[in-house]
Structures are given as C-alpha cells and as structure tokens.
Amino acid sequence: MIDVSYSNIKNGLVKLICEELKTVLEKLPKEGQEETSSLRVGFITYNKVLHFFNVKSTLARPQMMVVTDVSEVFVPLLDGFLVSYQESQSVIHNLLDQIPEMFADSNENETVFAPVIQAGMEALKAADCPGKLFIFHSSLPTAEAPGKLKNRDDKKLINTDKEKILFQPQTNVYDPLAKDCVAHGCCVTLFLFPSQYVDVASLGLVPQLTGGTLYKYNNFQVHLDSQQFLNDLRNDIEKKIGFDAIMRVRTSTGFRATDFFGGIYMNNTTDVEMAAIDCDKAVTVEFKHDDKLSEDSGALIQCAVLYTTVSGQRRLRIHNLGLNCSSQLADLYKSCETDALINFFAKSAFKAVLHQPLKVIREILVNQTAHMLACYRKNCASPSAASQFTCKK
C-alpha cells in the first residue's frame, strides 16, 4: 500500500519505493527447498481514494481500478490482484515504473488510513489466506473517511494527569479494526514518513496488535535517509515469518501465567493470538506463584504455538522448559536474568502509560527496583556498614 499524495511524489519517496520493490520482491521468504516463494503479492496506491491494480501475468500492461467509496471498502477484483511475483514479474515491473509517472501531476494532499488496512484485509479474506500488509504512509489522515484524525498535539497536557490521553487512540475505529485483522490473519507493518504531527498512538495501534512493526523516519530526505529505510524494508520482507498464530502457555501446579505483553491480541485469558510472528518478535509472560512448589520436582512450563507457514502448511511448535525451585533467595538472585527483567519492566511500563500518569509509573519502577535491591541487601549480602550496598559476583 503506497501513499501517493503530493508530498510523497515530490520528495521522491514513491519513486524510491517502486525502484526498491523490484529488487526485494526477488527475495520473498521460501519454505525449505522451494525454488520460488509461495507468497503472492498485490498492489494498492492511495490518497483520499484507493487504486487497486490487476497485474495478471497474461496482461500486456497493468490495469487500475479506483474505489472512491472509502466508508465501505470493497475489493473490485480477485483474479489478478494477488499474484505470483515470478509469473507476473514483467507486468509488476511495468506497474512500478508507471506509478511515479501516473501521479506526477497530482496535487492531492489529503489521505485516508483505516480504509487502506480494511482494503488489504478484505483482499486477504476474499483470497481465503493470511498475509501481511506493508503500508508506506506519510501524513495525518484528514480525508473524510473512517479513522479520520485531527491534530491533538497539546503540550499543555505534558506532565499532567491528562498526559495519558496523548498515548491513547483518539478514535474507536482502530481497535476493532485490529481485532478483525487478527481474526483473519492480517498482519500490518507501517513505514511512516512524517514531516509534522502524525498521531502515532492512533496509527500505530493496528501494527502493535497484529504482530507487525512500525518504522518512523521523521522529515525523510531521500539523499540522507534512504539507506536506513531500504535496509529496514529488505530485512522485513526477507525474514522468515509464520502467519495466523495462536499461542498457549501451560504450567505445572503451583504457579500460572497471569499476563502477556507483546505484539499480540487476547480474546480470553489463555489464548495469545498473533496475525503473524517472526524472529524479531518476543512475547513476555508474567507468572504468578500462588501455591507451594517442590524443590524435588521443580516447575514445568510448556509453550505451544500453532501457525501457518509461508507455503500454507499448518504447524505446531512446542517448547518444554523445566526450572529448578529453591527456598534460598541467594539462588534466586544468582540465576536471575537481567535482560528478561528489564524487558518485562519496559513492556509493563509501556502498557501502563495508557492508564496512569508517567510520574506514577516512574515511581512504581523506582520502588520495585529499590525493593529488589533492599531484599538482596537484607537477605543475601554479607554484614557491612548500614550505608554500604554490597554485591556478590
């Protein structure tokens, strides 16, 4: 999905994207010993309307179909929209050459956003397959359409109890849209190129909940920033990925999983749903210890993930983990994983900013850290002056 509004055409971004796609589409992820990727590709450009492209291999040149009704988006074609890159390569290259020229004289600056995601999801639903949307977008979606946003960048709210409003989506369109995307295995990755306020809290919600990624390049300049963007795009397209994933974590008696953090959606308390999962995604799980654990038998954790491969196979991956239990605090501190702790605190703080003032969250983090250190000082450190904190390697 390529934003072809005036600014993106004039600064050369659309031309850069189209040129790069010719190269990176050669490297779509493959399954095992496959010679070519099973993934199919489709193309949409947009400003305040949507343009679908028919790139069927039998065509001499691509055909464009315009959808102007952005309040109820539909897919105007099925046959010829999602195609094999290898089979339709010449038509696709023809299209990518034409797009910058096609909109070269456009003065349209208004864009839509939610209908773009809706269009991609509807296309995947019609094809009865999961998939991933790559959206290249640059401005606040101010065109009259679902998900329309306004500038709410109010510096007077910073460091007040109302600051949390700035981190919440300003419209209730994006949360149910993300839920629909997850239900249909539609992952959204967003490349943002803003030159002014763009409301990441609203636009970033769907990528966050569908297991996608948000890349942001402020005041993008082709001659300065293109290399970083192209590296990010190549890495994201080429990496191995699983679609339409459901994860469940089981434990032995005495403790249980109580909270989950990451690019996930949860309809209930046990099933973690991810429209897609790849090697750069992590799910952090919080466990609650609510019964006696045996030092003899230890604690057991099983993580099972059901997902679809790029070739369309449904697979189950299971990880089993056995942990030792100890009644000695010193053993706990000795085997503690600092990176995992920092990751957990960062993600729980990120989740909390939607509901609590930043000042309160900072105090909670400081108090939790101080409590851990005081507990170590009291129970694990050797006797020393009361003012001295001692650490053991």
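**Pockets and cavity of the predicted model**

The lining of the largest pocket has 24 nonpolar, 13 polar and 5 charged residues. Here Ala, Val, Leu, Ile, Met, Phe, Trp, Tyr, Cys and Pro count as nonpolar, Asp, Glu, Lys and Arg as charged, and the others, Gly among them, as polar. The model is predicted: local features need pLDDT of at least 70, side-chain atom pairs count only at pLDDT 80 or more, and totals for chains, interfaces and linings use all residues. Residues are numbered from 1 along each chain as its sequence is written, and side-chain values use heavy atoms, without hydrogens and water.

The volume of the largest pocket is about 2300 Å³. Of its 42 lining residues, Phe287, Leu332, Cys336, Glu337 and Leu341 are the closest to the centre. Helix 10 gives the largest share of the lining, 8 residues. Helices (H or I, at least four residues) and strands (E, at least two) are DSSP runs, numbered from the N terminus.

On a 1 Å grid over the protein atoms alone, a pocket is an open set of points with protein on both sides within 12 Å along at least five of seven lines; a cavity is a set where a 1.4 Å probe fits but cannot get out; lining residues have an atom within 4 Å of a point. Grid points are joined across faces, edges and corners, and a volume is the space filled by probe spheres set on the points.

The second largest pocket holds about 1200 Å³. Its lining divides into 19 nonpolar, 8 polar and 7 charged residues.

The structure has 1 cavity of 30 Å³ or more. The largest cavity has a volume of about 40 Å³. Its lining includes Gly211, Met274 and Lys281.
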